[in-house]
Amino acid sequence: STQQFSSLFSPKTDPQDVVVDFTDSRIMDHSGLEAINDIADRYGALGKRVTLRHLSSDCAQLLDRLHEGGLPPYETIDSDPATDPVYEVAEDSKYYRDVPIPKTGASAA
């Protein structure tokens, strides 16, 4: 749940630079995207930076679009197509209309 996810973080006591690694996680829908941005905003309000790793390509693009004008300087996405997961976020909003569907191994070639 998004509340459980949010409870994992302590922006006031966490270091200046925080890396959130989604290797064993999956962002399922819009509420997950919002939870990630909310956490990043809490760190940003304290002058701290958040780097997000191992997100699917569509998840990364959707996060970027949720912030009008792109991600704020305190929230970055560390993209690595060789190790990032491939899945689609269940999203049915204006943000998803032209986000390309992630390609799996066979269809990525």
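This is a predicted model: local features need pLDDT of at least 70, side-chain atom pairs count only at pLDDT 80 or more; totals for chains, interfaces and linings use all residues.

Let me begin with Arg53, which at 31% relative accessibility counts as partly exposed, where buried means under 20% relative accessible area, exposed over 50%, and partly exposed in between, with a 1.4 Å probe and protein chains only. Residues are numbered from 1 along each chain as its sequence is written, and side-chain values use heavy atoms, with hydrogens and water left out.

Arg53 forms a salt bridge with Asp78, and the closest N and O atoms are 2.8 Å apart; by salt bridge I mean a side-chain nitrogen of Lys or Arg within 4 Å of a carboxyl oxygen of Asp or Glu. The pair links distant parts of the chain, with Asp78 in strand β3 and Arg53 in strand β2, 25 residues apart. Helices (H or I, at least four residues) and strands (E, at least two) are DSSP runs, numbered from the N terminus. Asp78, at 35% relative accessibility, is partly exposed.

How many salt bridges does the structure hold? There are two, and Asp17 forms one of them with Arg49, the closest N and O atoms being 2.7 Å apart. Asp17 lies in strand β1 (residues 17-21) and Arg49 in strand β2, so this pair ties together parts that are 32 residues apart in sequence. Asp17 is partly exposed at 44% relative accessibility, and Arg49 is partly exposed with a relative accessible area of 40%.

Three strands make an open sheet in the order β1-β2-β3, with parallel pairing, where two strands pair if DSSP finds at least two bridges between them. β1 and β3 stand at the edges with a single partner strand each, so one side of each is left without a neighbour in the sheet.

Turning to the individual pairings, β1 and β2 pair in the parallel sense over five bridges, and Val20 has Leu52 in β2 as its bridge partner. Strand β2 (residues 49-53) and strand β3 (residues 75-78) also run parallel and are joined by four bridges, with Glu75 in β3 as the bridge partner of Val50.

Finally, β2, helix α3 (residues 57-66) and β3 make a right-handed β-α-β unit, right-handed meaning that, with the strands pointing away from the viewer, the path from the first strand over the helix to the second runs clockwise.
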